[in-house]
Amino acid sequence: MYIAAELDVPTKSIKIEQQIVYKNTSNSAVSEIYLHDWNNSYSTKTSPLAVRFAEEFNNKFHFAKNKERGFTVVTSIKDNDQADLTFSNIKDHPDVIKVSLQKPLPSGESYSINLNYTIVLPDDKFTGNGYSKEENFNLKYWYITPAIYDGDWQYYSNKNLDDLYVPVSDITLQLTYPNNYVLVSELDSAGTESSGGTTQTTTLHGKNRVNTELVITKFSDFEFVQTDDFSIVSNLKSKNVSAEEKAIITDKITRFISDNLGTYPHEKLLVSELEYKKDPLYGLNQLPDFIRPFPDYFQYEIQLLKTSLKKYLDNTLMTNPRKDHWLKEGLQIYFLMKYVELNYPDMKLLGSLAKVWGIRSFHAADIGFNDQYNLFHMQMARTNRDQPITTAKDSLIKFNANIAGKYKAGVGLKYLDDFVNADILESSIKHFLKENQLNYTDSKAFESLLKGNTTKNIDWFFEDFINSRKKIDYKIKDVSVDGDSVHITIRNKKNSSMPISLFEIGNDSILNKTWLEGISDTETISVPKGNTDRLALNYDGIVPELNLKNNYGSLSKSIFGHKPLQARLFKDFEDPNYHQVFLMPLAEFKNIYDGLTLGAKLYNKTVLRRPFNYRFSPQYATKSKSLTGSGTLFYIQYLDGYQDLYNITYGILAKYSSFAEDAFVTRLTPSVDFYFRDKDDFRSNKSNRLTVRYLSIRRDIGDEALVDIIEPDYNIFNIRFRQSNIELINTYNSSYDLQFAKDFGKISFNYRYRKLLNSNQQFSFRFFAGAFLYNNTDEDSDYFSFALDRPTDYLFDYNYLGRSEDSGIFSQQLIIAEGGFKSMLETPFANQWMATTNVSMSIWRYIQAYGDIGLVKNKSINPKFVYDSGIRLNLVQDFFEIYFPVYSNLGWEIAQDNYDEKIRFIFTVDPQTLLGLFRRKWY
């Protein structure tokens, strides 16, 4: 491949003349050739790349200016005889070009394609690639490359996964760029010549290359370190690490890579800060600089190693990175773990924080650095969000694609290595990498090689661990002593065939380790008693097991079973050796009647989610001077089969708090929730939830209460079904609600839709309709009626700051429910039926115009038509908004007295709700 390129800095563009000599290495003739033009993936708001951004709630691309997006203009594509070839973009793939050949290209033959085109580079704020605000350039996937044909064309669009699949090529690149810039590349340089005037031309060569990443910068911060194995060119940040230390670390890493993965076929490896940021080591080493739990040299060393391993494998192991990504990712993590085991065996997950007084008493301080990989994998497995790691990379949810899937692959190889033993895995890996270096292969070839090198049955690894969502969970059900023998009954709680290790322990020392295979349900085995006083499954934690707390059996039992009770201040990681209880001080503000509440939370929830959870939170309210609080018990049943119903949650909630001055409510709510999601598409944001609950409401009114209660205490049976699809561009949710109480029954429907237009304007639509099935409540009370602008919230579902206020700032708090009106009209309730529509449209940025219309029907009164309109400041959607009424049934409200009392606001202080803004980007 030959490329002549000329960079024009002012226009952020590169003019390119390119020749591609394409060799048909398949067994059949081809009539067309497909080319990847990934720079053009930035060209529209509807490209697969743009859709990917929207799915992950990244709005930078959608709101960017047109000049900030990149695109490609192809002037011509010709054959070797300079005859024009027909070409076009593939439907739904603006970054893939189909070139029709004048005649079929036979197997084994080559074909020359000559291209002339200009690329306009994107702003690097989208993916890190493109131009920066300092007018520096990071170029990756910037020129047009052929797709691979292996009987089928393996082309696909850019989705910000760094997984372009291209043929190995011999490359000659001539790049012309300004004199005041420096060019950094891992290609071999043939020299730089002045092009005359203000530009220079550098010629680069590369043999058997797939990566031609370039950095063109005004001031290079890259450092070149030459070792006996290969050289590394890097600009990784390294505070307080001297040049001598960097040289020693680099030599140590290149030697480790060469010894374990084989000789690197090129002279240089480019390791950039950008590459590390795209694939960082998530955890404590991403904390702010003023919190540095790891030595500077260790942090730099691990970052350099992780990125170097990835680049080495990307440059030498030619597997399909979108369809067969797990093998390279697993090898990267496996050897990262091995390096730490060899060089830093005592390093803890918390680093130096593990020795700090107060922190060192937590189980988190005992967790090793390498244990983090299984913890991140379990974060998804325990919430039933894990996916088979053979899933195509663009079908993985972000957390699995970036973190959990890679870590599961690495942990799995460690598990497999321990099972097959005798260095079989590592010798097989090294042989596989050597035999297939720069040749196209796949994980099936690795599987065949490994199976041929061991006598053990390892089908379970490839069928259950790699290619399914099956979990591992074994339990010691019973232990009994019979003379000189110990009988252990072990139960396999999951439908998998993966092996488990059994440890015999005496005086806290491991006496024996045995691998158990073929336990499909429950099995009893016997071992000699000897000095054994305890038995444990998976004692060393090598097996990535779902639950470690049921793995122990003692020959002498206590009141707490096989494990003692442990009390801890604050949440901790789960310690399988103890029954853990946590206590955390609480200081909260929930409403203006209780004021600041002080107390504590007693609970069992650990960092990783567990099925059964309890929480008791007694608190003293400083303003109401009363004891308030809540308690919950809930059990989550995860259904990890292949149905849409993925979990059922059984729970009971009890809560006592103020709802007015000197007025308290006790709410007792047993419930069952059924959660549904698309079993075939985990990336889909569509979800359904069916809630069945029973609410018992009891109120206690003091002598100084300022509220009048007409309605007696009540019980309500509630069924609610919700559907939602929350995305950046299109969002909708709907709910159906059915309530039955002694004196009333009602049904309602609520639908919301929001659209982000290509013009960056936002349109919102909401419709609500509700009707009483029967209503025998007091005619003088609207407590259970449908509300037009401020629901009474007799179910106590909403986070009102001043629930019972009818004047003052807290009475102006708005919760969009039921009627959803913003103006406080003269007919605020409906005791028969109500139907309303709420609409808003952007005017400029976060400023929107809103309008509401509806019909309100009360008994013995004709339906009343109501409307209002005004200005909405949508500062943070559904979390912080302000509404200014303008015109309604009341007339021109903006010109009326006490207008400040008509302004409404939405404000959310619930941290769990705000945390959802982060979670939706990853899950």
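**Hairpins, sheets and charges: a short tour**

Hi everyone, let's start at a turn: in the hairpin of strand 42 and strand 43, with 2 residues between the strands, Arg 845 takes a positive phi near 50 degrees. This is a predicted model, where local features need pLDDT of at least 70, side-chain atom pairs count only at pLDDT 80 or more, and totals for chains, interfaces and linings use all residues. Residues are numbered from 1 along each chain as its sequence is written, and side-chain values use heavy atoms, with hydrogens and water left out.

A word on terms: helices (H or I, at least four residues) and strands (E, at least two) are DSSP runs numbered from the N terminus, and two strands pair if DSSP finds at least two bridges between them.

Strand 42 and strand 43 (residues 847–857) run antiparallel and are joined by 11 bridges, with Ser 840 opposite Tyr 850 in strand 43. Strand 42 (residues 833–844) also pairs with strand 39 (residues 762–775), again antiparallel, over 9 bridges. There, Phe 767 stands opposite Thr 837.

Now to another sheet, an open one of 4 strands in the order 5-6-3-10, with antiparallel pairing. Which strands stand at the edges? They are strand 5 (86–90) and strand 10 (145–146); each has a single partner strand, so one side of each is left without a neighbour in the sheet. Strand 5 is joined to strand 6 (residues 93–105) by 5 bridges, and Thr 86 stands opposite Ser 100.

On to charges. Side chains of opposite charge can pair when their charged atoms come close. With a salt bridge taken as a side-chain nitrogen of Lys or Arg within 4 Å of a carboxyl oxygen of Asp or Glu, the count comes to 51 salt bridges.

One of them joins Lys 218 and Glu 135 at 3.8 Å, N to O. This pair links distant parts of the chain, 83 residues apart. For accessibility, buried means under 20% relative accessible area, exposed over 50%, and partly exposed in between (1.4 Å probe, protein chains only). Lys 218 is partly exposed at 28%, and Glu 135 is partly exposed at 26%.

Another salt bridge, at 3.9 Å, links Lys 444 and Glu 447. Because these residues are 3 apart in helix 10 (residues 443–452), about one helical turn separates them. Lys 444 is exposed at 56%, whereas Glu 447 is buried at 14%.
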